[in-house]
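Biologist: I would like to learn how to read a model of this kind, one feature at a time. Could you give me the general idea of each feature before you turn to the case itself?

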There are 2 protein chains.
Amino acid sequence: MVALTGNRPKGEIAAMQTHEIRLASRPVGAPEPANFASATAELPALGAGEIRVRNQWMSVDPYMRGRMSDRPSYVPPFVIGEALQGGAVGEVIESHDESRPLGALVSSMLGWRTVAQGPAKAFDLLPRTPGIPEQAYLGALGMPGLTAWAGLTQVGQIRDGETVFVSGAAGAVGSIVCQLAKLRGCTVVGTAGSDAKCEWLRGLGVDHAINYKTGDLEAHVKAAVPKGIDLYFDNVGGEHLEVAISLARPFARLVECGMISQYNNERVAPGPKNMMMIVGKRLRIQGFIVFDFADKQREFLAEVSAHVAEGRLKWEETVVDGLAHAPDAFIGLFCGANTGKMLVRL
Amino acid sequence: MVALTGNRPKGEIAAMQTHEIRLASRPVGAPEPANFASATAELPALGAGEIRVRNQWMSVDPYMRGRMSDRPSYVPPFVIGEALQGGAVGEVIESHDESRPLGALVSSMLGWRTVAQGPAKAFDLLPRTPGIPEQAYLGALGMPGLTAWAGLTQVGQIRDGETVFVSGAAGAVGSIVCQLAKLRGCTVVGTAGSDAKCEWLRGLGVDHAINYKTGDLEAHVKAAVPKGIDLYFDNVGGEHLEVAISLARPFARLVECGMISQYNNERVAPGPKNMMMIVGKRLRIQGFIVFDFADKQREFLAEVSAHVAEGRLKWEETVVDGLAHAPDAFIGLFCGANTGKMLVRL
């Protein structure tokens, strides 16, 4: 690794190297280390209006799996031989733009590399707030947080006191969903893949935490909330979605945020057997993508920053050190290696 | 059959007989004649505020299949040994209520019998409008029409010029859906189960009528509307729903009105294999029941009555004569015996 210092005066760094992780081949099924390659690249001098950023933290997220396949989606696929992309937070180390000065904290989608550079507008300026660590902008105050907030409030139209079912509840999005629902006086039932994660969820205030790997999922959820659920926040798909349809109360909303149980399937699995209940129960099943709610960023931060600053919102991080281990961190997402947000410290 | 006359003065009829069809046993799979029994019952004298109606037309509708099974639903199941229920239109032959006088045209849910009686408020007063036949209040201006209108406008939020996919397009609801969409300048692709029905649909102005029994459904629909669909009105479920998800454009709405392909299944069939597309395409799949839109009746009639009166809305009826054949008419719904509304003339 090249040691990068952030204190050189503006203009002194004419050329620089970045270490990056590239897509070597497209995964078939679960991603493997061989799908990734590490490389070093020379960076050109900055152009007018550009900035250079030393990434300090990068995010690995389940949705990236979709971009590794070459199929049409809401974001274009990654290109073989090119650096991967994803959320990152870092410090400006060279700037040709006054709005993002040297030393400023910024976020971008130019993760998977030690040094990122480009037009200033590709980087969002972040506040440096005492008590809020930088990496929070990749978690509770970043894309996962906005995903949780937008899914609950904008798509799911959550109402105080409802019964909310959350799958993948110990994940980066799920754990924020659970807490935002609790802050609205809801009864929350969440699932996770280990007893330890369930214990952690109970500590967050989740009313019923269920290890979905033990016993009959529908029976467990039904026992926890016998009157049924008003809102389902789906991170998992598959059996969880079928259970949610089955236990949904009339006019329930099913918010489709992700279906991680399906991402590595090469052959698509059959859908829920109880689709007909959608009619009789007047269910609304609605998918969403966080990018569609970029214009709600201010409203989201106003609510959730206050919860963070005042200690009402907790999260856990699973931190992997070093860019070279970013592929392992990513692969780990699909076998439950993380509690809370999976992060790579660069 | 007892001949009933409608001209006796009020109060003269103390007791009367009704012929009715009762549920003899619950169907297993497709309904059969043995599930029905015909009977004659003595009617008590009218109480205060009650009226007696000679039913002239009754409706058979797919949703009635659900009430024949003993499972929880949005309407309670039919009771074995009791008369079935369903939409009917008739004339008041005795009245203890001034608002529904002798000779008035009324509709009720007391079909499957030649004479209905009960509290006046169980019967809706209908206008006698030149050019609008009485049985239209069981079709385009009745429950099927309100279903089509509410599904398109209230649930599906149809917009002028969209591409609309309709399954069961030659049915009582589907054919109204197609025409209301055409009246909004939409491109309409509809499916039906025979070439004759498709020909009829083309005569209604449907842009692409597809016989779903011949060839690959998805390929046919895709060829007809290669840019995809904005709104799907589902009467059928099963493969049709999977095709709709597959060909949906981003932010498409899928209106779940019914899933007739599934009603007679004793073992539930697996759902769509492409549920994951709900997330990436931000689809909204929403079920509804016409009863929830009773408060929109006036708005619906204002729009659709005008279309009927001015000849812009056409429908076809399949008429079966005589109460004794009502079970056959109902059974026929599940093998495509009807084009347009299936009716029984009493």
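**Reading the two chains**

Modeller: A rotation of 180° with 0.0 Å of shift along its axis brings chain B onto chain A, with an RMSD of 0.0 Å. The two copies are thus related as by a two-fold rotation axis. Please keep in mind throughout that this is a predicted model.

Biologist: What is the general idea behind such a description, and which residue of chain B comes closest to the rotation axis?

Modeller: In general, two copies of a chain are related by a rotation about an axis and a shift along it. Here, of the residues of chain B, the one closest to the axis is Gly271(B), whose C-alpha lies at 2.0 Å.

Biologist: Let us turn to helices, then. How should I read the packing of helix 2 and helix 3 of chain B?

Modeller: Two packed helices are described by the angle between their axes and the distance between the axes. In chain B, helix 2 (residues 143-155) packs with helix 3 (residues 172-183) at an angle of about 50°, and their axes are 8 Å apart. That makes helix 2 of chain B oblique to helix 3 of chain B, and the crossing of the two is right-handed. Among the residues that make the contact are Ala148(B), Trp149(B) and Leu152(B) of helix 2 of chain B, together with Val173(B), Ile176(B) and Leu180(B) of helix 3 of chain B. The residues of this contact divide into ten nonpolar, three polar and no charged.

Biologist: Is helix 6 of chain A mostly covered or mostly uncovered?

Modeller: Helix 6 (residues 239-247) of chain A is mostly covered, since seven of its nine residues are buried. The buried residues include His240(A), Glu242(A) and Leu247(A). The elements against which the buried residues of helix 6 pack include strand 8 (163-166), helix 5 (217-224) and strand 12 (248-256) of chain A.

Biologist: Lastly, how should I read the backbone angle phi, and which value does Arg282(A) have?

Modeller: Most residues other than glycine have a negative phi, and most peptide bonds are trans. Arg282(A), which is not a glycine, has a positive phi near 55°, and this residue lies in the loop between helix 7 (277-280) and strand 13 (284-287) of chain A. Arg282(A) counts as partly exposed, because 19 C-beta neighbours lie inside 10 Å, and the cut-off for a buried residue is 20 or more.

Biologist: Where does Gln157(B) lie, and what is its phi?

Modeller: Gln157(B) lies in the loop between helix 2 and strand 8 (163-166) of chain B, and although Gln157(B) is not a glycine, its phi is positive, at about 45°. With 13 C-beta neighbours inside 10 Å, Gln157(B) counts as partly exposed.

Definitions and conventions
Residues numbered from 1 in each chain as written. Chains lettered and ligands numbered in written order. Predicted model: local features only at pLDDT ≥ 70, side-chain atom pairs only at ≥ 80, totals over all residues. Least-squares fit on C-alpha atoms with pLDDT ≥ 70 in both. Axes fitted to C-alpha atoms, helices over the stretch in contact; angles between N-to-C directions. Helix = DSSP H or I, 4+ residues; strand = E, 2+ residues; numbered from the N terminus. Parallel < 35°, antiparallel > 145°, perpendicular 65-115°, else oblique. Left-handed = near helix turned anticlockwise from the far one by under 90°. Contact = placed C-beta atoms within 7 Å. Nonpolar A, V, L, I, M, F, W, Y, C, P; charged D, E, K, R; others polar. Buried ≥ 20, exposed ≤ 12 C-beta atoms within 10 Å, placed from the backbone.
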